[in-house]
Amino acid sequence: MTLLSIEGVSRKFGNVTALSDVSIDIQQGEFFALLGPSGCGKTTLLRILAGFETPDRGGVRLDGADLLKLAPHKRPVNLMFQSYALFPHMTVAKNVAYGLERENLPRAEIKARVGEVLEKVGLEPMANRRPAQLSGGQQQRVALARAIVKRPRLLLLDEPLSALDKKVRAEMQLELKRLQHEVGITFVVVTHDQEEAMSLADRIAVMDQGRVEQVDAPVTLYDRPRTYFVADFIGANNLFTGAIRGGVFSAEGLGPLPSKATTADGSAALAIRPERVRLTEPTPGMVQGVVVDVSFYGGVSHIAVEVTGLGRKVLAATQGSARITPGTVVGVTWRPEDAVLIAN
Amino acid sequence: MSRGRGSNLARLIFLGPGLIMLTLLAVVPMLLMLSTMFFQRGRFGGVVYEFTTANFSRLFQPLYLNVIQDSLVVAGLVTVLALLIGYPTAYAIAQLPPKWKTIALLAIMLPFWTNFLIRMYAWTILLSGPGLVNEALTGIGLIDKPLELLYNRGTVVVGLLYGYLSLMILPIYSAVERLDPRLREASANLGASPVRTFFSVTLPLTLPSALIGAVLVFVPSFGNFVVPEILGGGKAIMVGNLIRDQFLKARDWPFGATIALVMVVVTVILLLAQAVVSRRTRSA
Ligand SMILES: Nc1ncnc2c1ncn2[C@@H]1O[C@H](COP(=O)(O)OP(=O)(O)OP(=O)(O)O)[C@@H](O)[C@H]1O
Ligand SMILES: [Mg+2]
């Protein structure tokens with residue numbers, strides 16, 4: 001069931017286009033991530049949903065009702081601010097209780113829920129401190145606690161875990177997943193961290209310069225990027241620009257590359273993941289190059305190959321340590337079905 | 001170590017001029033002046049250095065106590081009114097677009113460019129029997145005969161308010177201006193109505209500045225003698241008038257100094273109260 005539908009939303013600030021014709025449908029109970037480079041409009045979109053910004057064009061419906069008509073304080077939506085926006089004159093406990101007090105809940109219930117959520121974010125001992133007496137990561141967890149304690153229909157989190165160290169971050173990720181499953185909250189989470197988006201989200205919207213490039217499940221996004229930007233932005237990728245003629249993709253300066261053309265003739269790009277690239281004995285007719293760098297990363301090794309005729313290096317990843325050494329001449333190939341073709 | 005000493009020296013150099021001006025040139029003469037309250041007046045003015053506590057007992061005569069009490073009431077009233085008028089004004093200015101903000105602030109500070117005395121005399125022209133306000137009111141037929149607008153306590157209150165209102169507006173304005181707008185958004189997002197947000201977030205965070213404004217308005221109002229003299233016509237006298245009269249007319253320095261002590265004490269108490277409250281609201 002669709003909980004939130006964003007329909008053709010645009011927003012400009014002067015001549016900066018923060019959002020351009022953004023349309024996204026988010027399902028009830030979904031964990032939805034917004035991913036994109038700095039300044040692509042993620043915060044602006046969340047601010048529109050929370051009611052602090054109005055779109056120039058487009059509409060937003062929550063449960064089928066026009067959300068834009070509601071005053072910010074009447075929306076069943078909680079936003080965790082990128083800058084935290086903690087009340088400096090209140091203790092941690094007071095900050096977290098603030099939203100519950102507005103619902104006129106009994107004192108005992110407020111106290112219990114505040115205690116519970118502070119325990120979850122590991123800040124119970126800090127309950128009586130002021131925000132200024134906390135570290136950045138602790139402040140971020142207070143902001144998170146303040147947003148989730150209300151258990152709203154829709155929870156908007158703007159970079160909720162960016163200031164946390166790896167261990168605490170993993171704990172908080174689990175906590176968010178648990179909230180999604182047990183309480184049935186719908187999440188829209190902004191993150192810079194691809195791995196985080198990949199591991200947490202049911203679906204991800206990749207944004208660039210105010211536009212939505214692709215909305216898909218993490219695996220699809222990784223395996224079948226639909227635009228050049230997505231192919232380049234999500235994970236490591238080798239990208240070749242060129243054209244499809246008669247069902248064959250030819251890269252500029254390289255000639256035909258292994259692929260299964262499903263798109264029509266015209267200019268296109270080919271994307272192949274490093275882990276799909278195979279390095280072989282060079283044979284004529286094959287893309288060839290010289291190994292320039294081999295780095296071992298524990299589980300995997302990255303091998304950079306300087307390909308003749310291509311300005312860039314091609315990256316290959318292999319399991320374990322590589323037996324190849326820099327200077328070796330290799331053939332670069334892959335299975336045709338592993339290559340992704342992107343029409344321009 | 002040497003670094004610490006270096007920064008101490010720098011600190012001293014920066015603090016020096018201001019501190020010397022304020023301590024040597026202001027506090028020392030004031031202390032000398034206040035010390036005369038333990039002595040007797042000379043027959044033709046001046047001080048006779050013979051110890052006495054008579055000045056203090058004189059202070060507690062109903063005549064003087066009444067004046068002190070009246071002054072506290074007037075200054076208190078002025079401060080409360082300045083807060084009630086100044087807060088909304090400051091808040092509204094802070095919400096204006098940048099260009100209008102500058103214009104509004106200039107308008108607020110405009111009166112500072114002319115002498116206080118002249119402004120007060122200008123008001124007598126405005127408010128006197130045949131003055132502009134009465135002319136206007138009779139002109140549009142609202143009243144038949146001129147109102148007694150001058151020379152009462154109300155006029156003094158209004159005059160002081162007019163004189164010091166900007167001292168209330170400016171600190172509050174800068175506090176509202178500095179307030180992170182996201183805090184108000186966060187409050188709304190958590191379900192607080194605009195009114196609730198004002199009382200739970202905006203007001204507490206700007207209160208310390210409002211208190212500074214209150215002290216800035218109260219202290220000069222309490223000790224003022226120009227306004228009671230000109231707009232109050234000497235009928236509604238205040239502590240400032242008493243002190244001035246003791247020094248300039250009665251030539252009783254010791255008693256003048258004793259009354260001045262009251263002012264110093266009131267001011268110090270207010271400053272302490274302001275410091276305590278703002279420290280409590282800020283943090284710890
Ligand atoms: N109030 C504003 N006035 C002017 N420009 C704005 C305003 N808010 C956002 N912008 C601009 O709109 C664009 C999108 O901003 P937004 O804050 O939504 O980016 P973001 O995706 O959240 O970036 P980040 O990942 O760095 O937080 C940026 O170019 C930004 O400069
Ligand atoms: Mg942002």
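Leaving aside neighbours within four places in sequence, which residues is A:Gln214 in contact with? In this predicted model, the partners are A:Ile204, A:Ala205, A:Val206, A:Leu221, A:Arg224, A:Pro225, A:Arg226, A:Thr227 and A:Val230.

**Around A:Gln214**
- You can find A:Gln214 in strand S10 of chain A, which spans residues 211-216.
- A:Gln214 has a relative accessible area of 1%, so it counts as buried, the cut-off being under 20%.
- Its side chain makes a polar contact with the side chain of A:Asp216, at 2.9 Å.
- A polar atom of the A:Gln214 side chain also lies 2.7 Å from the backbone nitrogen of A:Arg226, and A:Arg226 is one of the contact partners listed above.

**The magnesium site**
- Two residues coordinate the magnesium ion (ligand 2): A:Thr43 through OG1 and A:Gln82 through OE1, at 1.9 to 2.3 Å.
- This pair links distant parts of the chain, with the two residues 39 residues apart.
- A:Thr43 sits in helix H1 (residues 42-50) of chain A, while A:Gln82 belongs to the loop between strand S6 (77-80) and helix H2 (92-101).
- A:Thr43 is partly exposed, with a relative accessible area of 28%.
- A:Gln82 is partly exposed as well, at 40% relative accessibility.

**Domains of chain A**
- Chain A is divided into domain 1, covering 2-223, and domain 2, covering 236-343.
- Taken over C-alpha atoms, the centres of domain 1 and domain 2 are separated by 39 Å.

Conventions. Residues are numbered from 1 along each chain as its sequence is written. Chains are lettered from A and ligands numbered from 1 in the order in which they are written. This is a predicted model: local features need pLDDT of at least 70, side-chain atom pairs count only at pLDDT 80 or more; totals for chains, interfaces and linings use all residues. Side-chain values use heavy atoms; hydrogens and water are left out. Donors are N, O and S atoms within 2.8 Å of the metal (3.2 Å for Na, K and Ca); water is not among the atoms, so sites may look incomplete. Helices (H or I, at least four residues) and strands (E, at least two) are DSSP runs, numbered from the N terminus. Buried means under 20% relative accessible area, exposed over 50%, partly exposed in between (1.4 Å probe, protein chains only). A polar contact is a pair of N or O atoms within 3.5 Å; within protein, one must be able to donate a hydrogen and the other to accept it, and residues adjacent in sequence count only if both atoms are side-chain atoms. Contact means heavy atoms within 4.5 Å. Domain bounds come from an automatic or database domain assignment.
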